[in-house]
Structure formats: structure tokens, C-alpha cells
Amino acid sequence: MTTQGAAVLAETESTPRRQRRPRNGRGGAGSLVLGVYSLLALGLMLIPIVYTIVFSFNSARRTNIVWRGFTFDNWLDICDDARVCEAFGNSIIVGVSATVAATILGTMIAIAIVRYTFRLRTLVTVLLFLPMATPEVVLGSGLGSQFVNFGVERGLWTVIVAHIMFCISFVVVTVRARVASLDPALEEAGRDLYASPAQVFWRVTLPLLMPGILAAALLCFALSFDDFIITNFVSGNAETFPKFVYVAASRGIPPQANVIASAVFVLAILIVVIAQLSASARRRKLAKSG
Amino acid sequence: MAFGAFANTGPDLSAAAPRRRSYIALILLLPGVLYLVATFVAPLVSLVLTSFKEPGGNFEVGEYVFAFRWENYTEALGRFGEIFLRTFGFSAIATVLALLISYPLAYFIGVTLRRYPLWQSLTLILVIAPFFISFLLRTLALKAIFADEGPVVTALQSVGILGPEDYLNGTAFTVILGLTYNYIPFMTLPIYASLERLDLRYVEAGGDLYAGPAQRFWRIILPLSLPGVVSGTLLTFIPASGDYVNASKDFLGSTSTTMAGNVINDMFFQSFYPVSAAVSILLMIAILIPVIAYVAKSGSEELL
């Protein structure tokens, strides 16, 4: 806050009173109130996260509701309740499979949509948009009753089928932006240097799209890993991590569930922070050389 | 992230590479499109068909045959009319609360912190942090925080806002709060995306023309950030209206807070597939009306 105050001071000093620019976003009492409000809102939003992490250190056994003292035991034997670990493993299997398939399918669509004109373009756009605008419970009950109608036995693979479905649109949205900002001159340069279309794709286009594709894959994995609403309708007896938590909610959740959730959280935050830092480092390098 | 879906934050596509017609487009599109037809369109059709079915001849549980049984719909509306109203009421209140919390927050991150990129990305990470920790465990954490012996109830009882016998879990209050909490990032991110691109020179020009702070907000800042507000509203309202975790009795709700999603879930798992399907279709129609209005306004080119 002190730097902001200094910025405001500097500004009022250097600019004559009558021409003073509006102070939107430039400090002042309004900004102070806004900042305090925002930090308060962010703080409140973090409380359930902090609670979940703190209770991963609770020395309770089956019902992790009342604080019974600090312990590292839950972190040391995560698989004490074998079902937690199995559910976690299933979530990883589903997340990785769905992410790989949805990222490939979605990237192909994203390239087609930006690069080519085709008939029924609007129809395809609507088809990609609708799954995002449909409540998950409708997607889940629809696919679930489809499986029931056709007598398909539900299990992990039907969960994978469902997760690929809801991921595709998100992948298209994320990768599409990257395709659209791609400079076609770079591919042209590749062709000028006698690269075959396949070579241009693998050695120019794909590497340039990679940041977008990676972001899409991360998003898809995160959506898949945390999805419960759709999973519940299509999973049969197979248990993913969120489904384990839901089923266990009525009779008490072992603290190991909190350990897994906290570990995933810390890992994800680390990935995001590192990505942010490397992106800003790259920007600075570019700014220096350009 | 994917919120560009509604926030119109993507780059201007009209400036993209010249479009060619090619069989390659077909090869690129076909697998994904066929997949969505098989796993999204076909189930929707199947849902519509299921919603008209009636119990089969031998009355086995879960056995249904196709018939044009409109009664599934009239029964669903009659039996669950109140639940539909509650669903949209709860979701609407949660959406408004999320907007009231998100707008100032998004403005702070997108405009006030513009000169401090490090703080900007740090606060942004805090906004998306909830995405990285289990949604169900966070909701259970809220349940513990609002528990009868928990900190909030105890504090409210000690200052006399709540009576000694009053409680919070299982009431509309906690369910709406849970919905608000769980969907706030979906509101904040699109508003942030549009405020982050807000050209402050327009606001300065307003000031030069003697517009006061309130006028500058209502006539310049808000209209320019409206696409983000509309996107955030849809992204919050749609999942909130289909949510059945917050309102279920093992989480923040009770039998008196049942929402449409709970009905769909319960009916599905009791093998009452036609009722479950009819409620799903009704929910889908109710959601599609505002979405179509939005699409009609913004055009299909900006859908994705």
C-alpha cells in the first residue's frame, strides 16, 4: 500500500490541479477500500482450503471432523485406508486417459476451425458450445441413461468416455486462441525452406501451439480429476476420488482424503506459479532482445 | 483458461490466416465431431425419448417401454414445481452475491493492480486456487465451519443474532452460501478478463468531460465490462442450477433445500429414469432460454 500512496503523491505533485487525471486504479481512498475489500474476499475464500489442509494433519481415524491433535501420520501412510488410494489411482487413470484423448481431438478441431472454411461451420460451433452451456447434471443423466438403454456396463471406461466428452470444448476454446495468434509467415518460411507439409506441422506449427495445448491439457486434467456430478451417473461401481469422498461423506471421511487433496493442491499451485514465473521471465528476455 | 468461451477475450479472428477449403478440415473435424455426436447429441436425444417412456409390461424395476407419455412432464412439474422455483431462486441469489463479491475484486486485480504485474498474477492465482482442491472436500469444510458447535454458529449465538436453538447447516442460507462460494471464480475470471483490457483513456476522457466517479462507473466502466459480466453470470448460474452437492443432506442442505439436480440424481438411482429424464429436459430448457438470448445477441462467431 505504501508504494501506491507514493505513486499518488508523485502524481498530484507533478500534474497541475485542474488537469489532474481521474484516479481510477491509481491509488487514493477508493483504491484503499477496494484493496481491503478484495484481500478480505480472497482471505475468506481461502478459509475452506486452509481448513482442508489443516485437517490433513488431524490425528483422527475414521471421522475427520473434530480436531484431535497434530500428527504427520496421515501423510506418512496415505494408503492406510486402501480405498482412498485406489480411488486416487482411478482418478489418475481417468484423468490421464481423458486428457490425452480430449487434447488430441480438441486440438484437431481448433486448427480446423481457425484455418479452414467449411459448410455447417455454425453448426459445429454450436455443437462445441452447447456442452459448456448444459448443466453437468443433464450431461451426466443423459449419458448415464444412454448406457442404461444400451445395456452398457458402467465402470472406469465409461467415466473416461464421459470426461473426454466434456473436455473437448474446453480444449478447443483454449487451443483456438493460440492457433489464431499464430503468425502464418512462420509456416510459410518453413515451406520456403522446402519442408514438407508434415515437417512444417511437426517442426513449426506444433511446437508453436504447445503452450496452448499444455494449458488445455492441464485444464482438462483438473476438470476431470475434480468432476463428481457427471462421474456419479456413469461410473457404476467404479470409484474415483471425488466419488469416494461423496459416498464417505455420510459416514465420515478418513484424514487421508485430505492428505491427497492437499498434496494435489500444493502440486497444482507450484505448477501454476512456475509457469507464471517462467512466462514473465521469457517476456522480460524478449523485451530486452527486442 | 476456458472462460474465453463467454468473455470474448480471444484474439480477433477476422485477422487470422486466409481460409482455404480443404478435405484436411474434414479429417481434422470428423473424429471430434463424431465423438460429440455420439456422447453428447445422442444422449440428449435418448434423454428426450426416455422422458416419454412408461413402465414396462412385467413391472420390473427399471424396465420402461417407449410411449408418448406426456404425463411424465405434467407430473414432474406438479410434483417438483416448488423445487424448480427453489432451484432458480437459490441459483439467482447465489449469482447476484457472486457478482457483488466478484466485480470489485476483478476491478482491483484487473485495473488497480495493473502497474504491479507480480501482485496481479499472485492475486489471480488466489482466485483460481479453489479449482485445485477437491470441490467436495471444500464443501465439507464449509459444513464443518457452519456446524452447530462450529465457530460461526457459536459466534452468532454469543452476539444474539442466532438463538441458542438455531442452526445454519441444512438451511437455505448455507446452501446459497455454498453455491456462491463454489462458483465465485467462474464469475471473477470473465469479469477480470474484460476489465483487464479496459482502456483507461476512456475513463480519463469521461473525467475531462466533468463526469463524476459514479457517472464514470455507470456510463463508461460498466458498459465496457458488460460482456464479462454476462459471461460470468451464465458461467455461475448454469452450474449452480444443476448442482446437487451443496443442497444434498450429507453436505450443506437438508430435505427442505432439495434442488432440481438432487431430484434428477435421486430419481435416476431409484431407477425412475423417465421422471429423471423429464426433470433434466425441463432444466435444460429453462437454462437454454437465457443462453439462446445471449447467443442471439452476441452472434455465433463469438460463441467459442
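Biologist: What pattern does chain A follow, read along the sequence?
Modeller: This is a predicted model. Chain A has twelve helices and zero strands. Read along the sequence, the pattern is therefore α-α-α-α-α-α-α-α-α-α-α-α.

Biologist: What is the radius of gyration of chain A, and what does the globule rule give for 290 residues?
Modeller: The globule rule gives 19 Å for 290 residues. Chain A is well over that, so it is more spread out than a compact globule. Its C-alpha atoms fill a box of roughly 70 × 60 × 35 Å along the principal axes. The radius of gyration of chain A is 25 Å.

Biologist: Which percentage of the residues of chain A count as buried?
Modeller: The cut-off for buried is under 20% relative accessible area. Among contacts in chain A with a separation of 6 or more, 68% come from residues 24 or more positions apart. Of the 290 residues, the share that counts as buried is 51%.

Biologist: How much area do chain A and chain B bury between them?
Modeller: The size of an interface is often given as the accessible area lost when the parts come together. The contact takes 99 residues from chain A and 102 residues from chain B. Carbon and sulfur atoms carry 74% of the buried area. The total is about 9,200 Å².

Biologist: Which three residues supply more than any other three of the area that chain A buries against chain B?
Modeller: The three together supply 8% of that area. They are Met45(A), Tyr116(A) and Phe129(A).

Biologist: How many salt bridges does the rule find across the interface of chain A and chain B?
Modeller: Polar contacts do occur between the chains: eleven residue pairs, both at pLDDT 80 or more. A salt bridge needs a side-chain nitrogen of Lys or Arg within 4 Å of a carboxyl oxygen of Asp or Glu. Across this interface the count is zero.

Biologist: Which helix gives the most to the side of chain A that touches chain B?
Modeller: That side divides into 66 nonpolar, 25 polar and eight charged residues. The top contributor gives 15 residues and spans residues 28-54. It is helix H2 of chain A.

Biologist: How many residues apart in sequence are the parts that Arg83(A) and Glu239(A) tie together?
Modeller: The structure holds five salt bridges over all chains. In one of them, the side chains of Arg83(A) and Glu239(A) meet at 3.5 Å, N to O. Arg83(A) lies in helix H4 and Glu239(A) in the loop between helix H10 and helix H11 of chain A, so the parts tied together are apart in sequence by 156 residues.

Biologist: Is Arg83(A) buried, partly exposed or exposed?
Modeller: Glu239(A), at 18% relative accessibility, counts as buried. Arg83(A) has a relative accessible area of 35%, so it is partly exposed.

Biologist: Where does Glu187(A) lie, the partner of Arg115(A) in a salt bridge?
Modeller: The side chains of Arg115(A) and Glu187(A) meet at 3.1 Å, N to O. Arg115(A) counts as buried at 10%, and Glu187(A) is buried at 7%. Arg115(A) lies in helix H4, 72 residues away in sequence. Glu187(A) lies in helix H8 (residues 184-192) of chain A.

Biologist: What separates Arg86(B) and Glu82(B) in helix H3 of chain B?
Modeller: Arg86(B) forms a salt bridge with Glu82(B), the closest N and O atoms being 3.5 Å apart. Arg86(B) is buried at 17%, whereas Glu82(B) is exposed at 58%. The two are four residues apart, so the separation is about one helical turn.

Biologist: Which backbone oxygen does the side chain of Asn72(B) reach?
Modeller: Asn72(B) is found in helix H3 of chain B. At 4% relative accessibility, Asn72(B) counts as buried. Beyond four places in sequence, its contacts include Phe52(B), Pro274(B) and Ala278(B). At 2.9 Å, its side chain reaches the backbone oxygen of Lys53(B).

Biologist: What is the phi of Leu120(A)?
Modeller: Most residues other than glycine have a negative phi. Leu120(A) is not a glycine, yet its phi is positive. Leu120(A) lies in the loop between H4 and helix H5 of chain A and is exposed at 60%. Its phi is about 65°.

Note on methods: Residues are numbered from 1 along each chain as its sequence is written. Chains are lettered from A and ligands numbered from 1 in the order in which they are written. Side-chain values use heavy atoms; hydrogens and water are left out. Buried means under 20% relative accessible area, exposed over 50%, partly exposed in between (1.4 Å probe, protein chains only). A polar contact is a pair of N or O atoms within 3.5 Å; within protein, one must be able to donate a hydrogen and the other to accept it, and residues adjacent in sequence count only if both atoms are side-chain atoms. Contact means heavy atoms within 4.5 Å. Buried area is the accessible area (1.4 Å probe) that two parts lose on being put together, summed over both. Ala, Val, Leu, Ile, Met, Phe, Trp, Tyr, Cys and Pro count as nonpolar, Asp, Glu, Lys and Arg as charged, and the others, Gly among them, as polar. The radius of gyration is taken over C-alpha atoms; the globule rule is 2.2 Å times the number of residues to the power 0.38.
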